[in-house]
Amino acid sequence: MNKIKKVLCSVVAVIGVITGGVAVQPNTDAYYSPIGKVVIDGQDLGELKISPAGLALITNAEGCRLDPYKCPAGLITNGIGNTHGVPNKVIDEKQAAIDFVRNIQAAEQCLDSVVPKGETLTQGQQDAFTSFIFNTGCTRFKTNRNGSKTQIARLIEHGECSLACDQLNRWVYGGGKKLNGLVTRRGDETERCHALD
């Protein structure tokens with residue numbers, strides 16, 4: 001990776017690209033409703049189940065950079081936590097938004113794979129678990145290091161989502177150390193998970 005100047009981007013602008021330029025204000029019904037169909041620059045990217053509140057949850061924890069960098073886990077990253085196909089150059093906010101949508105969709109598909117058929121998550125649970133999976137990855141969300149199923153995935157599979165929400169605060173370690181950033185993120189995820197909207 002060549003040395004490229006650090007280029008930050010606006011998470012508000014990226015969210016605006018995803019929501020079609022519509023500024024969705026906190027504490028409104030639209031802020032806590034699924035985003036639905038996403039079209040960026042004429043490209044239909046499909047649906048998002050996450051709400052603008054969920055996007056804010058993720059972006060507040062991840063931040064946004066248009067240049068490639070190494071994240072704390074040592075992965076080459078750009079945009080909003082994107083680690084897939086990262087070019088060795090600065091990207092624009094539209095590309096950051098497209099990558100963000102695809103990564104959220106992957107997290108949502110992972111979540112869908114453990115939610116029992118016929119079970120409906122609250123919007124808060126959808127947002128919180130999607131944020132969690134976005135951060136940990138699907139494999140780690142589902143599987144402990146010893147190959148057994150994680151408690152959080154098992155609880156969701158059994159329809160015990162409120163108890164699964166309580167598991168989030170246990171996931172605050174990185175490299176064997178308790179990380180303040182993860183403590184804050186998991187607290188925010190837990191609060192969103194228990195929200196009624």
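The model is a predicted one, in which local features need pLDDT of at least 70 and side-chain atom pairs count only at pLDDT 80 or more, while totals for chains, interfaces and linings use all residues. Residues are numbered from 1 along each chain as its sequence is written, and side-chain values use heavy atoms, with hydrogens and water left out.

Eight helices and six strands make up the elements of the chain (DSSP runs numbered from the N terminus: H or I of at least four residues for helices, E of at least two for strands). Starting at the N terminus, their order is α-β-β-α-β-β-α-α-α-α-α-β-β-α. The C-alpha trace spans about 45 × 40 × 25 Å along its principal axes. Of the 197 residues, 44% count as buried, meaning under 20% relative accessible area with a 1.4 Å probe and protein chains only.

A closer look at one residue follows. Threonine 77 belongs to strand 4, residues 76-79, and counts as buried because its relative accessibility is 2%. A polar atom of its side chain lies 2.9 Å from the backbone oxygen of leucine 75. Beyond its neighbours within four places in sequence, threonine 77 is in contact with residues including Asp67, Tyr69, Asn82 and Val86, where contact means heavy atoms within 4.5 Å.

Terms used:
Buried means under 20% relative accessible area, exposed over 50%, partly exposed in between (1.4 Å probe, protein chains only). A polar contact is a pair of N or O atoms within 3.5 Å; within protein, one must be able to donate a hydrogen and the other to accept it, and residues adjacent in sequence count only if both atoms are side-chain atoms.
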